[in-house]
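Today I'm looking up a helix and some aromatic rings.

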Amino acid sequence: MSEKIIETTGEVVEIVDDLDTTGLIEVKQLPVIVEHLLQIRDMVTERVESALALECTEDNKQAVKAARSDLNKLFKELEDKRKEVKAKVLKPYEDFEAVYKECVTNIFKPADVQLRDKIAAVEDEQKRQKRQKALEYFEEYREALGIDFVSFDDVGLNITLNVSDKKLKEECKTFLDRVMEGLDLIATQEHQEEILVEFKETLNAASAITVVKNRYQRIEEERKRREEAEERKRAEAERQAELDAILAEEEILPDFEDEAFVAPTAEDISVPDESEPEEQRKKYVVAFKYETYNKASIGQLVAIMKQEGTYEQL
């Protein structure tokens, strides 16, 4: 066994380099199992084949059951012997394992856990110091740029023992420069305030600009749709007003719902005085609905109106 002496602050620690385990654990004698299974194999095979050769009928069913019971009894006897041998073989090892755990395992395992925790504590402190240095740089650079809506956690640094302080600072600078570039881009856009609100949520200038532009596009489309609907409604109201004015001319439009009404004949219709100047004659416009099962009558009516120059298709 070789030894090494290492001096530390205030104490001397002795470290064993190579522990000589020769002779500590060894097998003095392997278990000796005496068996004569090969001698009974042929006998067992013969008995099994004899039982399987039996034809099971109502008459010899009991004989088949007896043969099966004999085979199971023999198998159980052999299994019990095997388990007995296994227990005797394993007992020395189980006794050895109990002593081994007491003298070795139960000492090494707790020591390993304590050493792991000590190492973790030191490494956690190392990573904490790396984080603190990166945080101080982040805050200083962020204040210099005048950015007040991002935090150190937004950078998403992966702080490990292998990463250098320089690398962490570079990642902080890259992040803040990207935020600043986004702000400069937003300053050139319309609706800057709304874009900035979106940008503060995502820190993605292009996405924020697109979201706001799409929003205003939908607002403009809705405004046009509403104006068009109001225009259609206004035009319909004007047409309805014209129709109401026409219907108000009671001397021209008789009450068609009155059962006593009789359609006028050609002799009853007065012909306008063509000698009277056209601009002095009163012009009437009538719109009406005509329902019939006779398609030809519709054509006749339209022909008469076209002949009189009074037909106008709406």
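This is a predicted model: local features need pLDDT of at least 70, side-chain atom pairs count only at pLDDT 80 or more; totals for chains, interfaces and linings use all residues.

Is F96 buried, exposed or partly exposed? I looked it up: F96 is partly exposed, with a relative accessible area of 35%. (Buried means under 20% relative accessible area, exposed over 50%, partly exposed in between, with a 1.4 Å probe and protein chains only.)

Residues are numbered from 1 along each chain as its sequence is written, and side-chain values use heavy atoms, leaving out hydrogens and water.

Next, ring pairs. I searched the whole structure and got five aromatic pairs. (Rings of Phe, Tyr and Trp, the last by its six-membered ring, pair if their centres lie within 6.5 Å; planes under 30 degrees apart are stacked, over 60 edge-to-face, the rest tilted.) F96 and Y100 have ring centres 5.9 Å apart and planes at 45°, so I logged this pair as tilted. Both sit in helix α2 (residues 61–145), four residues apart, about one turn of the helix. (Helices are DSSP runs of H or I, at least four residues, and are numbered from the N terminus.) Y100 is partly exposed too, at 32%.

Then I checked F138 and F152: their ring centres are 5.7 Å apart with planes at 75°, so this pair is edge-to-face. It links distant parts of the chain, with F138 in α2 and F152 in the loop between α2 and α3, 14 residues apart. Both F138 and F152 are buried.

Last entry: on α3, I found L168, C172 and F175 among the buried residues.

Conventions: Helices (H or I, at least four residues) and strands (E, at least two) are DSSP runs, numbered from the N terminus.
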